[in-house]
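Take a look at the model below. We will walk through it one step at a time, from the places where chains meet to the parts within a chain.

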Amino acid sequence: MHGADYNPDQWLDSPSVLEDDIRLMKLAGCNVMSIGIFSWAALEPEEGVFTFEWMDRLLERFANNGIYAWLATPSGARPAWMSARYPEVRRVEANRVRNLHGMRHNHCYTSPVYREKTAKLNGLLAERYANHPAVIGWHISNEFGGDCHCDYCQEAFRDWLRSKYGTLDELNRSWWASFWAHTYTDWKQIESPAPHGEFAVHGHNLDWRRFVTDRTVDFCRHEIEAVRGANPSLPVTTNMHMIEGLDYRKFADVLDVISWDAYPTWHERSDDTRLAAEMAFYHDLFRSIKGKPFLLMESTPSQTNWQPVSKLKQPGMHMLSSLQAVAHGSDSVQYFQWRKSRGSSEKFHGAVVDHVGHEHTRVFRDVAELGAALSGLSEVAGAATVAEVAILFDWDNRWAVKDAQGPRNMGIHYEETVYAHHRAFWQNGVATDVIGSADDFGKYKLIVAPMLYMCGEEAGARLEKFVERGGVLVSTYWSGIVDERDLCHLGGFPGPLRKTLGVWAEEIEGLYDHDRNGIVLAEGNPLGLSGEYEAREICELVHSEGAEVLASYAESFYAGRPALTLNALGEGKAYYMATRLGDDFLSDFYSKLIVEIGLRRAVETKLPAGVTAQARTNGVDDFVFVMNFGGREQPVELDGRAYIDAITGEVAGNRITLGMNGVRVLKRRANG
Amino acid sequence: MHGADYNPDQWLDSPSVLEDDIRLMKLAGCNVMSIGIFSWAALEPEEGVFTFEWMDRLLERFANNGIYAWLATPSGARPAWMSARYPEVRRVEANRVRNLHGMRHNHCYTSPVYREKTAKLNGLLAERYANHPAVIGWHISNEFGGDCHCDYCQEAFRDWLRSKYGTLDELNRSWWASFWAHTYTDWKQIESPAPHGEFAVHGHNLDWRRFVTDRTVDFCRHEIEAVRGANPSLPVTTNMHMIEGLDYRKFADVLDVISWDAYPTWHERSDDTRLAAEMAFYHDLFRSIKGKPFLLMESTPSQTNWQPVSKLKQPGMHMLSSLQAVAHGSDSVQYFQWRKSRGSSEKFHGAVVDHVGHEHTRVFRDVAELGAALSGLSEVAGAATVAEVAILFDWDNRWAVKDAQGPRNMGIHYEETVYAHHRAFWQNGVATDVIGSADDFGKYKLIVAPMLYMCGEEAGARLEKFVERGGVLVSTYWSGIVDERDLCHLGGFPGPLRKTLGVWAEEIEGLYDHDRNGIVLAEGNPLGLSGEYEAREICELVHSEGAEVLASYAESFYAGRPALTLNALGEGKAYYMATRLGDDFLSDFYSKLIVEIGLRRAVETKLPAGVTAQARTNGVDDFVFVMNFGGREQPVELDGRAYIDAITGEVAGNRITLGMNGVRVLKRRANG
Amino acid sequence: MHGADYNPDQWLDSPSVLEDDIRLMKLAGCNVMSIGIFSWAALEPEEGVFTFEWMDRLLERFANNGIYAWLATPSGARPAWMSARYPEVRRVEANRVRNLHGMRHNHCYTSPVYREKTAKLNGLLAERYANHPAVIGWHISNEFGGDCHCDYCQEAFRDWLRSKYGTLDELNRSWWASFWAHTYTDWKQIESPAPHGEFAVHGHNLDWRRFVTDRTVDFCRHEIEAVRGANPSLPVTTNMHMIEGLDYRKFADVLDVISWDAYPTWHERSDDTRLAAEMAFYHDLFRSIKGKPFLLMESTPSQTNWQPVSKLKQPGMHMLSSLQAVAHGSDSVQYFQWRKSRGSSEKFHGAVVDHVGHEHTRVFRDVAELGAALSGLSEVAGAATVAEVAILFDWDNRWAVKDAQGPRNMGIHYEETVYAHHRAFWQNGVATDVIGSADDFGKYKLIVAPMLYMCGEEAGARLEKFVERGGVLVSTYWSGIVDERDLCHLGGFPGPLRKTLGVWAEEIEGLYDHDRNGIVLAEGNPLGLSGEYEAREICELVHSEGAEVLASYAESFYAGRPALTLNALGEGKAYYMATRLGDDFLSDFYSKLIVEIGLRRAVETKLPAGVTAQARTNGVDDFVFVMNFGGREQPVELDGRAYIDAITGEVAGNRITLGMNGVRVLKRRANG
């Protein structure tokens, strides 16, 4: 699938533009469009008055020209008449001020009126189009996000809490409400967090975030129910984003396909390697949610208009970044947007068709070239990613560790730490899943759990069992600190991981940005590492309780105390890093570990810096994407297996050369 | 005219202070005071109770001592009783919260009560003083600015829109309201921009800013109407400031004289050159509004008290900075303030008379010295500035280009770019007007239009005609992008300037602050420039459509593509800079152009760095101000014409020496 | 006294924890706990329902185990039921929005309901426990602070103003309300400062701050009255903090003992010297409020959890920082907190007992070691500090000079300047009081008054008399500018200090951070200083009026003008620094002055950098604390007198060695 968000409702008075769009879509090799995303005002210009005719004509044009549509429900932005007539649909911010009409993605997910209006229009769309030959799926709303603090939502939050805790006693205990006399004696006393009210009770903040996810999923389900009936087989997705506020794993059950919107800032530095690895992390994350191919629902064919600086894509980058998504499991490349709008806040956002209106632009040519390549790769669609490593990345933990008021309030750098561990596998061409602690651990050889601050008894026990049965676990400082209520484990950190890791973490120190410590590797350590590495930001003072000490601190009053340990448990092993270590260490450490555990790499070879390889397989053939983000031409030595170019079909030698921003898709026999 | 804002109402219980003020004014050579600016509480202490007696006595004292007054209408700050009794007079901010009483310049320009109270008091002042021998003009309010979002203003905004657009369809089209379903179906749905409502519809923002200017002009006109009747011949002004929010050109018709308040931060750096050029820009801008001499209504005789750091004026700087205003067309030097107040928020703002209360201070001596010089320059009053160059600087464009969400949201640096182009003429001693795109182009040989992002069809056609008839145009990247509705031109940028400039701008890239590119001059280019210059921030990828390529990019994937072009059209020429270039380039480029076009300089000689010369003429004599902002003594070689010192009457040699912060006013025969 | 804040109400359902606490307290050498600080919800879970039983049991346990209690009134945080039922108890912020329930320290000090509820519960606590053998004093509320802008407080503010000024005329005069027409004609027009109202009338701001202090003291008195009756002999304190908003001297009369909470960020830099001196300043300040020993009511035994970075205390620092408090006059070392809470916003704040729950931690051992040392120092309790130097530090001045809008709005650095002058004495081991300008000057030989911007006629006259009678005064730029109404002195600065200092300050210039000037010492000046020193930030242009010029400016147009002067008046002398000078100058200057005046030092010897000595005396023995904050081991040469170690009783040689973070307490005969 290759296509874009398409907003013909902006050009209804320019029929020639609409005609020309079809011609240009074919020229660009685009076969699927997301339509209707912000069309509520065009579909229901007055309350109860519906104007579907333009959409009828559009879908007919599509059907006649072999173009398909993800049909959107238009709830991402509501018409002005609704905001005016029903103030309740407008979101109330944490400061308890109700929004005026404007912008988008700011309705109340609880409002009965909004739910009613959404269901009504969704139902009519489904009735009319769910069996239309051009329609291939539902695009539910757009980039869900944010929270509402209106009275409806307050009441819903209290219901949610009542259902979770049963009694106020239990809630007070979980929130440790005796602190600062915050004990609740009536459910009505509870409100959502507010800057001018309660904002520092961690359990309260955490439950509010959980509630917001549940509320959003519930709204999404409400939308889906309104469209399902007319054609239950039509797949449903909603486009996700790099949003911290929603635990996307909770959407897995209500959606058929995961899709997301990727907007990296390519060329911010002369070397795109770190950014490419971060994008890879998100592709892996979204793929792992359902454990199957996802869709790249939005990306820009050139630049965005809302980042601090709008750089152009260099030659090759459009092909490279689009195929990167495919390499990690995407079955589509779609854009925001097909054609630039003439006015309003995204008029300079990159598009396939620019204001100039014709195809004779660099961007259009890049898109058309990709279209041709994608049609040559159609057999990749549906192919699987097989990962033996998983990174543990829980939204609950992410929220809690950053809300914690602990060792480094000026920056605990949770995500950056997770990215750093993931990056070490990416640069080795090792496929990685990104999972939650409730997911199945059984299929992995190695689980990496950086800063698993929130780790309940059950998750701890599951990790213990994983190691006992032969798995390898890598964990770090500031793990096993609180349970799922955000209450500290008593009796010694890392709490439920203490036995698995074989250490007791007595104290933890934050370092200033200007502070440095280091670690010294022990002579003859089993990983064969040696010398010193820099440590910073966080130093935990741990005691070994049976773990082998692989490295010790180099500086401060705790010089000589354990900084890196290895514990044997059952059939498996558990490593513990007591301090934050740099890319140099992680690269050396994981390179050794990959060999020791025998993890499969996409290509069994050493890749140059900035180059990665990622594989997908359909069981018969493997498709290996070799990608160069290093900012200059680089040769890559392959592993001696027989490869052909998946796009051209030509035989590839064992040494290929990737230009700057270059990418090759190679095909080989699976298990060859 | 030499004088200051004078607030005797602060000292009514110290009659000796008021007596001493008259003595000191004479001693300082001050002959005009602005009075009554914040006197509403002193003039109407209770609603309907008026106390003019102190003003009677003041004006009598003035008349008896040869001192004149700009009589202010006191609407800049209202009495507390009015805020308490009539909440509607208090402004409502964009967050829809009504101000409490306090500060100043924060009334609602629409409030019927405020208009009524203002008209009433203005009328009484006019009745009593409009024919007083000491009164020479009206000082309407003080530094108008800001906006109000109350219900009255919302209604006025809707009326303004209705009158502009006629139909909602037309408004929706102009605002591109189909984007994000923002189509309005009832005028009542429209509100002013708000941080918690609509803030990213460019047409909406732009129209709000235009409305705010119109509303403010309308209030100003309302004030003027209340004073005009009693003596229609008394001139009217209002003091302007470096305010972005008001299109001051719209005030031209209602005012007789333009006046403004200048507060540069002298000595922030060891070299004041850039700052001096920026002040020159504003002097030129305010002079150009009515194309005749203006008044410097406020300046500080020493330091302000509201800037980050309050530096003193070095010896000479008071004379230099005051005469700079005169050099660019001011017929006055006036100060805020005559005497320092004992308390409240401006008690440490520089004044002619300090808290010490006597004349034996450095500041007083500097003021008196200037007073003597000004009285020697009385024949300069009314003399004209003749400019052959105009810089195009539209408020509409300024607002739109900064609201645009485009290539560099971290800083598009519009004003800085305009200043930089202006500075190249300033340092060459070339007089420059600063005009709007609706002004007459016919009198200029050269028009410089940096970043003319907003350029409607009509403005584009007028520029095309200007070039065809022999004018020279210099334009830059990011020009001709949107029309006056802020809708993008279709069919290729720079839209209506494409034919004139002979280029098509296909793409535009923002650079990070750490990015650099450069341009390489073509061999044998007609300007005779050579070598390389640095480029940064913005690089446009243009195609020549007939224009000669004078320079090409040095770096990036667009190295070798046009970066500076020259198009011949009719009798004229049009230059285009596709990227942001530094002062070194602008200086070299414009120095060549000045010669090529044959632009007149105030002195036909090369001036040292930091020195400029500016001329005024009465047709018989030219007055040439040679000014040294370079931070050290510098010799200046004149052009061989016969000069005398305009203040002392002595003959000046062809080589003069300007001390640090030095200035000389020279006189010569006009057209000599 | 050695102990901590203790919150057993968080563990009422874990009786074993409570039992173990007693055991651990004894083990740690802790003999006093602050209890009930946030226990309102535990003591009155529903309105009018009181549950004292747990407190009964607690105090009984204490009594049985020789542990004492500071019993807190729980008004620092109120129960949720009160916020819900009586909205008036919730504070209204300056933006006029009433807080929701949450956090702490945010009640209205005026609310009749809050006062009633507080008095009721306080009275019941007093009735029940004021004569309990374990209770040794009252801990009133917790860290009073902040302000409320509700209607009750507005009315109270108006009453306060009416009582202060009598008439609106007098108020208008004092606030210089004629500026910007701010004259009030009805008391009802007056409101507290607000960001969307009045915020720049200095007299208004200042009176609001004074009112807030008076209001807070009044609330504190209200609380005390409710507990006093049951046992008038029980001492009363409230724990203070480094809060700018409250003039703590106004609490002196209502409290029996001063106590405060110290939270330095040790080890932020490799050398803790500056930070240690700053802490010393605050210890001196709090001791000086009542001129007798104070209590260190809170400190952390390891780290906080709310600073930007949470560093651990290095070995020795717990002993050193705790004994520093004792050295400066504290009769206690107490902590927040005894045991870490399991949840909520301070769960990671350092505590004696960690989540691990046992005594085998480094922190516990440090605490126990200190407990042993303190019990060896019991005879120090009650010993006096004798200071011959006083630093003048008025809250009124502090507020006014920072609100002033004057020479350097980007940072006037008032406190930093005061600390710098204090530091010069600290490093010389000279005891220093920190007093207000209404305090007794008679007992000092030297008074240092940095930036005495606000100096009324009376304070000026008292300083003049102090000098005439033989005292030495050191004053600086920006002194004697305004009177206690914040109105400028007329007739020449430094106003009432002009005769004393013998200078007239004509102008004052702010410098940018990148600007530098310097001073050149005059040959043969009486202090024997020579060479040049750097000056920055502020340069005042003064004229000597009889003062001897000791140094002159090195740069700028005022090079050669006086920068440091000495005036003889009566029996005394007055020095004036016209510019901001660095630590190097202050160190040299005060070292000379100490010798010249003959000020006593704790040890008559030169101390190495980072080492200070502070003495307390009971008239028979002196206790000398020698402390090393310099970040490395250092030898100290004593002064030849006979010393023994106060803790061990061993004889100390004349040369002692202090390890990194080392401290020795030495005892000698008083007046030996």
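The area buried between chain B and chain A is about 4,600 Å². Carbon and sulfur atoms give 59% of that area. Keep in mind that this is a predicted model.

The contact involves 55 residues of chain B and 54 residues of chain A.

Now look at charges across this interface. Five salt bridges are found between chain B and chain A. Find Asp13(A) and Arg173(B), whose side chains meet in a salt bridge at 3.9 Å, N to O. The cut-off for a salt bridge is 4 Å, so this pair counts. Polar contacts join in too: 26 residue pairs, both at pLDDT 80 or more, are in polar contact between chain B and chain A.

Which strand gives the largest share of the side of chain B that touches chain A? It is strand β14 of chain B, residues 503-510, with six residues. Sort that side of chain B by class, and you get 27 nonpolar, 16 polar and 12 charged residues.

Next, turn to how the copies are arranged. Chain B can be laid on chain A by a turn of 120° and a shift of 0.0 Å along the axis. Which residue of chain B comes closest to the rotation axis? It is Val97(B), with its C-alpha at 6.3 Å.

Move on to chain A and chain C. Here 55 residues of chain A are in contact with 54 residues of chain C. The two chains bury about 4,600 Å² between them, with 59% of it on carbon and sulfur atoms. Trp176(A), Trp180(A) and Tyr512(A) supply 18% of the area that chain A buries against chain C, more than any other three residues.

How many salt bridges lie between chain A and chain C? The count is five. In one salt bridge, the side chains of Lys347(C) and Asp486(A) meet at 3.0 Å, N to O. On the side of chain A that touches chain C, strand β14 of chain A (residues 503-510) gives the most, with six residues.

UniProt, in an unreviewed entry, places the domain "Glycoside hydrolase family 42 N-terminal" at residues 5-375 of chain A. That span is 39% helix and 9% strand. Its end C-alpha atoms lie 20 Å apart. For residues 387-599 of chain A, UniProt lists the domain "Beta-galactosidase trimerisation", again in an unreviewed entry. This second span is 25% helix and 31% strand. Its end C-alpha atoms are 9 Å apart.

Over all chains, a search of the whole structure finds 150 of them. Glu47(A) and Lys117(A) meet in a salt bridge through their side chains, at 2.5 Å, N to O. The pair links distant parts of the chain, 70 residues apart. Glu47(A) sits in the loop between α2 (40-43) and α3 (53-65) of chain A, while Lys117(A) is in helix α5 (residues 112-129) of chain A.

Conventions: Residues numbered from 1 in each chain as written. Chains lettered and ligands numbered in written order. Heavy atoms only, no water. Contact = heavy atoms within 4.5 Å. Buried area = accessible area lost by both parts, 1.4 Å probe. Helix = DSSP H or I, 4+ residues; strand = E, 2+ residues; numbered from the N terminus. UniProt positions renumbered as here; feature names shortened; annotations may be inferred. Polar contact = N/O pair within 3.5 Å; in protein donor to acceptor, adjacent residues only side chain to side chain. Nonpolar A, V, L, I, M, F, W, Y, C, P; charged D, E, K, R; others polar. Least-squares fit on C-alpha atoms with pLDDT ≥ 70 in both.
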